[in-house]
Amino acid sequence: MMVRISKQTGLQPEDLGYPGDSYQNLPDMNRIKADHPLKKSMSEEYILGIWDGHDSGAAIVRSNEILYALNEERLSRRKLEIGFPKLAIAAMLDRLKLTPESISQVAVSTSDFAKTLTRFFPSMKEEYYKIRRRKKRPGLLTPIKKRVKYTLTEWPPTGISRNLTRRLVRKELDKCGLKNYELHIVDHHLCHATGAAYCSGFEKAAVITLDGIGDAISGSVSRFEDGQLERLSTISGKESLGIFFEHVTNLMNMRELEDEGKVMALSTYAYPLPDDQNPMLDWFQVDGLTLHARYGSQRTYQQLKELLWQFPSEQFAYMAQRTLEVKVVELVRNAVRQLKTECVALAGGIFANIQVNRLIRLLPEVKGCFVFPHMGDGGLALGAALSLNAVRNGVTSYPFKQIYFGLDFTDEEMEAAIREFGFPYTREADIVKTVGELADSGSIGLWLQGRMEFGPRALGARSIIAHPGREKIKDDLNLRLKRRVWYQPFCPSMLQSTAERIFYDFHGQSDPFMTNAYLVKEEFRDQVRGVIAIDGTCRPQIVSEDTPTSPKFKELLKEMESRTGLGVILNTSFNLHGEPLVCSPSDALRTLRETKADYLVLGDFLVRLPV
Ligand SMILES: [Fe+2]
């Protein structure tokens, strides 16, 4: 059945979603082309998007501009925060010099039964959060509770869950000082899809969302054309590839919803197993634009358990990774063929998997591949705001050149923070040259410049930087700062001119958000050995001449080029092990103190620990 994004009725006329059992269609408000007359009278209202689940956050958009997008973890300092994003809302309003009453439109994502239940009983999600993050030991009842959780997430939104959501979210927003605002509930996968479609810069694309589960579904395929988004199919939450991979992560004693990248990294160490010996491949069947699973979520978990004892860990990881790759690529191929398009826009947690993304990017029928940079649920708040802005103001295009949507700090604030910590510092006349020298000499540095990046990847605003070619850099970084698993590689940032030289598979499409993998040519691997995986691939931030970066970051890449012949630097996220990316100068200084890194750059200030 072909359905269109519509302004929904259901129990409340202002919700946005796709027609479901309890929805009725209203005239489609989203069929608004970019040149629609409405755009000329675009309102100047501020639209607030919020997400109050895993990696909660908030975003503010106005007319055709994304003003701020910020995740709560950066302020609460709890990685992948689950609480209501009250700090993010307050910080954004403060920076915009707005009162809470200035917000007249709010969009919140997701109103399924399980999500609503945790809004009603926040202690439930707090307990799950602590156990999942290994902050609390699982109790005897934990496996049962987990099973119940997976079952409840499969229950779709109802009139009751939406009404409750509205009441509970309003209560929280009222505490933030908001008054006289309209509240809209936006379908979970619609948020993922609008983020991917509207920010892709494509006029026409197949939009594919795949995740664990949200509003009872785990994926969707939509057509995006001339600003219009049509959902063509869904994948049931009971047949979720995302939950399959969550189970794999969990069974390998890693943290689901957080360590899936480690499973992918470990898989590269396995001897490839022939597909006909990989039973996981038979558990999922791609059928046109949808997918069917042989087992439900619980049975899949049991089946995985049955396999796990028979294989070494890396082989088990390989089998799961291979299954994900084969099935997602098949789905994407079907979508591209059926929609007669050469472009794909992707979102949802599965597309954090850069090896899957690489296979999609290299498909001969795919000419453009855009991955929404905050592909997981942390991007839902912005997706909700964009969905609402499309309906109200007809804006359906925000081609992403840069995603520095977070907070920034003045020189005065930085200097005051340094003085408070009492660390020696200098104000450098040429910070880029100084850092180039330090990196060249083997030092590991912390780097904070300009507005914080949006999403999980450090993009040169809050980064740990080092020379990419040192033999021992990975061990040094791990022992002193990051404490990552040994098989997970660090990533590089590089100039596009370098990418053109060192990759076999770079075909000229700028890739500034670290969402894809590329294969380094044999002859360059030694020069970048600190930032490649064992299979020779890496996950680069590729910066072209016209890509905006954080202040001085492009100059730093050029400085490295003049020193080493390659415009590359190791760039990993600026955080303490287990903490979110740093946000403020104080976070940065605390990290310097605790990690004993060689130096910290705050704007033009160079800070070192007292000897
Ligand atoms: Fe999601």
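A salt bridge here is a side-chain nitrogen of Lys or Arg within 4 Å of a carboxyl oxygen of Asp or Glu. Keep in mind that this is a predicted model.

Q: Which glutamate meets the side chain of lysine 146 in a salt bridge?
A: The cut-off to pass is 4 Å from nitrogen to carboxyl oxygen. Lysine 146 gets there, with an N to O distance of 3.2 Å. Its partner is glutamate 256.

Q: Into which domains is the protein divided?
A: One of them comes in two stretches of the chain: domain 1 covers 3–200 + 378–393. The others are domain 2 (228–371) and domain 3 (411–607).

Q: How much area do domain 1 and domain 2 bury between them?
A: The contact takes 30 residues from domain 1 and 23 residues from domain 2. On the domain 1 side, Arg134, Tyr150 and Glu154 supply 25% of the area buried against domain 2, more than any other three residues. Carbon and sulfur atoms account for 52% of the total between the two domains, which is about 2300 Å².

Q: Which element gives the most to the side of domain 1 that touches domain 2?
A: Two salt bridges are counted between these domains, and four residue pairs are in polar contact across the interface. Elements giving two or more residues to the domain 1 side are β1 (3–4), α5 (122–132), α6 (142–153) and α8 (188–199). With nine residues, the top giver is α8.

Q: Where does the largest nonpolar core lie, and why?
A: This core has 70 residues, and Leu48, Ile50, Leu173, Phe503 and Leu602 have the most contacts inside it. Its largest share, five residues, comes from helix α3 (residues 86–95). Both domain 1 and domain 3 give residues to the core, so it lies between them.

Q: How many residues are in the other core, the one with Trp283?
A: This core lies apart from the largest one. Its members include Leu241, Ala265, Trp283 and Tyr318. The count is 53 residues.

Q: Which residues of α3 are buried?
A: To count as buried, a residue must have under 20% relative accessible area. The cover over α3's buried residues includes β4 (46–51), β5 (57–62), β6 (65–71), α2 (73–76), β7 (103–109) and α7 (159–175). The residues under that cover are Ala88, Ile89, Ala91, Met92 and Leu93.

Q: Which residue just after α3 takes a positive phi?
A: Look just past the end of the helix. The phi there is about 55°, and the residue is lysine 97.

Notes:
Residues numbered from 1 in each chain as written. Predicted model: local features only at pLDDT ≥ 70, side-chain atom pairs only at ≥ 80, totals over all residues. Heavy atoms only, no water. Core = buried A, V, L, I, M, F, W, Y, C linked by side-chain atoms within 4.5 Å. Buried < 20%, exposed > 50% of the residue type's maximum accessible area, 1.4 Å probe, protein only. Helix = DSSP H or I, 4+ residues; strand = E, 2+ residues; numbered from the N terminus. Domains from an automatic or database assignment. Contact = heavy atoms within 4.5 Å. Buried area = accessible area lost by both parts, 1.4 Å probe. Polar contact = N/O pair within 3.5 Å; in protein donor to acceptor, adjacent residues only side chain to side chain.
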